[in-house]
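Please examine the protein shown below before reading the discussion that accompanies it.

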Amino acid sequence: MHLEFRHLRTIRAIHLAGGVARAADILNITQSALSHQLKGLEDQAGVELFARRTKPLRLSAAGLKMLKLAEEVLPRVEALEEEFRAMIAGKMGRLHIAIECHACFDWLFPVLERFRHAWPDVDVDIRPNLAFAALNALAREEVDLVISSDPEEIPGITFTPLFDYEPRFIASSQHPLAAKPFIEAEDFRDEVLLTYPMDRTRLDIFTGLLNPARVEPRQVRPIELTAVILLLVASNRGVAVLPDWVLREVKYSTDYVTKPVTEGGLTKRLYAATREEDTVKPFMAHFLRLARTEPVKLQRA
């Protein structure tokens, strides 16, 4: 027997309407077309689905079995159709994020908090373990957006500029470098440099200053948490270079000093990498707008 969704809808409509004429109105087809469809379905099944001598029209035992199937299947089909309509309208979708910038969690969570209120039906997730292969994961559609400071020419991938930031030097107020107006590459040569546990090609202090100057710190100590980095800095057990949004809560503390890196300071830019076809989706466009504006508020706070 070859069953189609329209057959299940027919059984359900006739059962609810109690007759072929009213069911035809519900299904928006002619009565003759509905009667022809019902006869064809009974011919396939080899049994009568309705007891035709009753008023209102009642389902036979075989018809009740088909109605049970319709009541199980059709709500799931209709829910899927509604999801597809919402996706076409841009109300639903998936936003799985990978981050190449370890400190970006500080501004990303406030952005996601605002985003979820506006788009409650979008599936949001963060994939922290993809930091070293994030762009490849984006191309394979394992994630939908990558936060990166290193745009590349990749077919089908769009890099949307988000905001500029300044990597700043931070040390204990008792540190010998605290008196300098700005920090140069040579100043790091005898220091314990506290960094996030990332490849040097992803760390601003190496790409923007130390590698070009060929300066190697006395020790590079990777630390997972920003709070621990700040604790060690305050204890004068190392120095660090962190994005300005990370330092917004400590730059006025008497335990620390913050200084520009080089006389003119360093400036970096963050980007959101997305697949070209996803960039224009309404929920993605809204996320990108939030990611351009909310972090700037944190920088100014």
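Student: Which domains does the domain assignment give for the protein chain?
Tutor: The model is predicted. The assignment gives domain 1 as 5–87. It also gives domain 2, made of 92–159 + 270–300, and domain 3, which covers 167–260.

Student: What distance separates the centres of domain 1 and domain 2?
Tutor: The centres are taken over C-alpha atoms. Between domain 1 and domain 2, the separation is 46 Å.

Student: Is H2 roughly parallel or roughly perpendicular to H3?
Tutor: Helix H2 (residues 20–27) packs against helix H3 (residues 31–45) with the axes 9 Å apart and an angle of about 105°. Angles from 65 to 115 degrees count as roughly perpendicular. Therefore H2 and H3 are roughly perpendicular.

Student: How many nonpolar residues does the contact of H2 with H3 have?
Tutor: From H2, the residues are Val 20, Ala 21, Ala 23, Ala 24 and Leu 27, and they meet Gln 31, Leu 34 and Ser 35 in H3. By class, the contact has no charged residues and two polar ones, while the nonpolar residues number six.

Student: Which strands are the edge strands of the open sheet?
Tutor: Five strands make up the open sheet, with mixed pairing and the order S9-S8-S10-S7-S11. An edge strand here pairs on one side only, and this holds for strand S9 (219–222) and strand S11 (256–260).

Student: What is the bridge partner of Ile 170 in S10?
Tutor: Strand S7 (residues 167–172) and strand S10 (residues 239–243) run antiparallel and are joined by four bridges. In S10, the partner of Ile 170 is Ala 240.

Note on methods
Residues are numbered from 1 along each chain as its sequence is written. This is a predicted model: local features need pLDDT of at least 70, side-chain atom pairs count only at pLDDT 80 or more; totals for chains, interfaces and linings use all residues. Side-chain values use heavy atoms; hydrogens and water are left out. Two strands pair if DSSP finds at least two bridges between them. Helices (H or I, at least four residues) and strands (E, at least two) are DSSP runs, numbered from the N terminus. Domain bounds come from an automatic or database domain assignment. Axes are lines fitted to C-alpha atoms, for helices over the stretch in contact, and angles run from 0 to 180 degrees between N-to-C directions. Angles under 35 degrees count as roughly parallel, over 145 as roughly antiparallel, 65 to 115 as roughly perpendicular and the rest as oblique. Contact means heavy atoms within 4.5 Å. Ala, Val, Leu, Ile, Met, Phe, Trp, Tyr, Cys and Pro count as nonpolar, Asp, Glu, Lys and Arg as charged, and the others, Gly among them, as polar.
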